[in-house]
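I begin with the display itself.

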Amino acid sequence: MKSYEIVISGFGGQGVLSMGKILAYSGLMGGKDVSWMPSYGPEQRGGTANVTVIISDTQISSPILNEYDVAIVLNQPSMDKFMPMVKKGGILIYDSNGVSHVPERDDINVFRVDAVDESVKMNNTKVFNMIVLGGLLKVAPMIDLSFVEEGLKKTLPERHHKLIPLNMEAVQRGMEIVAHERVAK
């Protein structure tokens with residue numbers, strides 16, 4: 001594996017920060033070096049939020065990044081801000097429900113995951129972020145799924161551990177529904 005420099009961005013309340021935290025803990029469980037750096041406005045719920053996660057086999061020199069290997073964008077403001085910051089040949093993942101203008105860059109790999117629609121089908125919109133995480137792990141398999149389950153145990157309060165099977169099912173659904181829209185030229 002190489003180093004993955006990832007930004008996850010969307011509205012507060014979409015589980016952006018917790019998705020990043022689960023990803024970071026999953027990396028730790030897998031013996032990787034990780035960095036988790038959240039950023040959100042004073043509005044939080046309803047305002048924009050993003051988190052930078054780095055997962056690496058080697059020591060991480062700085063958590064501050066100007067460009068990313070992977071950008072996950074869950075709304076149009078995040079698309080507008082972070083799509084230009086994806087490295088050439090990198091990956092952009094978006095949910096079609098929050099994005100009105102599909103990226104036009106032809107030098108990145110673009111994937112769509114209809115996580116909002118799928119979470120409604122699963123009768124639990126709270127697993128939206130885990131469906132997106134599943135899409136990420138399908139297109140960039142940086143962590144074994146067993147470590148995601150361990151990451152959930154570390155990040156969820158013990159009273160919510162009964163929800164881990166549902167969250168793992170959501171990850172699996174995300175892996176199944178992620179769609180490749182454009183290959184980098």
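Leaving aside its neighbours within four places in sequence, which residues is Val 34 in contact with? I found Ala 24, Gly 27, Leu 28, Ile 54, Ile 55 and Ile 60, where contact means heavy atoms within 4.5 Å.

Before going on I noted that this is a predicted model, in which local features need pLDDT of at least 70 and side-chain atom pairs count only at pLDDT 80 or more, while totals for chains, interfaces and linings use all residues. Residues are numbered from 1 along each chain as its sequence is written, and side-chain values use heavy atoms, with hydrogens and water left out.

**Entry 1, Val 34.** I placed Val 34 in strand E2, residues 33-40; helices (H or I, at least four residues) and strands (E, at least two) are DSSP runs numbered from the N terminus.

I next looked up Ile 6 in strand E1, and recorded it as buried because its relative accessible area is 0%. Beyond four places in sequence, the contacts of Ile 6 include Leu 23, Val 53, Val 70 and Met 142. Val 53 belongs to strand E3 and is likewise listed as buried, at 0% relative accessibility. With the same exclusion of sequence neighbours, Val 53 touches Ile 6 and Leu 23, and among its other contacts are Tyr 4, Ser 35 and Trp 36.

I then asked which residues touch the most other members of the largest nonpolar core. Of its 39 residues, these are Leu 23, Leu 133, Leu 136, Met 142 and Val 148; a nonpolar core is a set of buried Ala, Val, Leu, Ile, Met, Phe, Trp, Tyr and Cys residues joined through side-chain atoms within 4.5 Å. The elements that give two or more residues to this core include strands E1 (4-11), E3 (48-56), E4 (68-73) and E5 (86-94), and also helices H1 (16-29), H4 (128-139), H5 (145-155) and H6 (164-177). H4 supplies the largest share, 7 residues. For Leu 136 I listed contacts beyond four places in sequence with Leu 23, Val 70, Ile 72, Ile 93 and Met 142. A second, separate core has 15 residues, Ile 54, Val 73, Leu 92 and Ile 108 among them.

In helix H1 I looked up Met 19, which is buried because its relative accessible area is 0%. Not counting residues up to four places away, Met 19 touches Ile 8, Leu 74, Asn 129, Val 132 and Leu 133. The C-alpha atoms of Met 19 and Phe 128 are 9.8 Å apart, with 109 residues separating the two along the chain.

Ser 78 lies in helix H2, residues 76-82, and I noted it as buried, at a relative accessible area of 1%. Its side chain is joined to that of Ser 9 by a polar contact of 2.7 Å, that is, a pair of N or O atoms within 3.5 Å, one able to donate a hydrogen and the other to accept it. Outside four places in sequence, Ser 78 touches Ser 9, Gly 10, Val 73 and Met 83.

Is Glu 118 buried or exposed? Glu 118, in helix H3, is buried, because its relative accessible area is 7%, and its contacts beyond four places in sequence are Ile 131, Arg 173 and Ile 177. Asn 123, in the loop between H3 (115-121) and H4, is exposed, at 73%. I also noted for Asn 123 a positive phi of about 60°, although it is not a glycine.

Definitions and conventions:
Buried < 20%, exposed > 50% of the residue type's maximum accessible area, 1.4 Å probe, protein only.
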